Amino acid sequence: MIFSFLDAWNIGVNDIANAFATSVSSRSLTLKQAMTIASVMEFAGAIGVGARVADTIRSKILSTSAFAQEPTVLMLGMTCALVSSSLYLTLATRIGLPVSTTHSIIGGVIGVGIAALGTEGVNWGWNGVS
């Protein structure tokens, strides 16, 4: 659970900063205004589409049925993806690298799929998109 909160903190540090840095630095918005708008929009996004995003990460990148015989492998893999994502983001942010929380967690989940199932275990496209 600590790493979940660390990932959420990294969203604020990276993704929100990327969205509002130019507005705050150009003085179009004050820091307080940017923080208020970001808080409202992050909350609205989590309520509005959070379940669909979580469902995509949970079941549309990897086939969960492939782990039916060993569900603990999926649980351990997802935990490893979360821990590695949050630690990588914290380190990269600390040394000033531009990173994305979304890319990091998706990369971790894909890494779990490749390690556990091979490249054929990952859904590399979605109908109508690729």
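How much space lies in the largest pocket? The volume is about 730 Å³. The structure is a predicted model, and its protein holds four helices and zero strands.

**Overall layout**
- Read from the N terminus, the order of elements is α-α-α-α.
- Along the principal axes, the C-alpha atoms of the protein fill a box of roughly 55 × 35 × 25 Å.
- The protein has 130 residues, and 22% of them count as buried.
- Among contacts in the protein with a separation of 6 or more, 63% come from residues 24 or more positions apart.

**The largest pocket**
- A set of 23 residues lines the largest pocket.
- Nearest the centre of this pocket lie Ile11, Val53, Ala54, Ile57 and Ile105.
- Two or more lining residues come from each of α1, α2 (31-60), α3 and α4 (101-117).
- Helix α2 gives the most to the lining, with 10 residues.
- By class, the lining of the largest pocket has 14 nonpolar, six polar and three charged residues.

**Packing of α1 with α3**
- Helix α1 spans residues 2-25 and helix α3 spans residues 71-94.
- The two helices pack at an angle of about 40°, and their axes are 9 Å apart.
- Their crossing is left-handed.
- On the α1 side, the residues in contact are Phe3, Ser4, Leu6, Asp7, Asn10, Val13 and Asn14.
- These meet Leu82, Val83, Ser85, Ser86, Leu87, Leu89, Thr90 and Thr93 in α3.
- The contact of α1 with α3 is made up of seven nonpolar, seven polar and one charged residues.

**Leucine 62**
- Leucine 62 is found in the loop between α2 and α3.
- Why does leucine 62 count as buried? Its relative accessible area is 2%, and buried means under 20%, so leucine 62 falls in that class.
- Apart from neighbours within four places in sequence, the residues in contact with leucine 62 are Phe67, Met78, Val109, Val112, Gly113, Gly121 and Val122.
- One of these contacts is Val109; leucine 62 and valine 109 are 47 residues apart along the chain, while their C-alpha atoms are separated by 7.8 Å.

Note on methods: Residues numbered from 1 in each chain as written. Predicted model: local features only at pLDDT ≥ 70, side-chain atom pairs only at ≥ 80, totals over all residues. Heavy atoms only, no water. Axes fitted to C-alpha atoms, helices over the stretch in contact; angles between N-to-C directions. Left-handed = near helix turned anticlockwise from the far one by under 90°. Contact = heavy atoms within 4.5 Å. Nonpolar A, V, L, I, M, F, W, Y, C, P; charged D, E, K, R; others polar. 1 Å grid on protein atoms, 1.4 Å probe; cavity = no way out; pocket = protein on both sides within 12 Å on 5 of 7 lines; lining within 4 Å. Points joined across faces, edges and corners; volume = space filled by probe spheres on them. Buried < 20%, exposed > 50% of the residue type's maximum accessible area, 1.4 Å probe, protein only.
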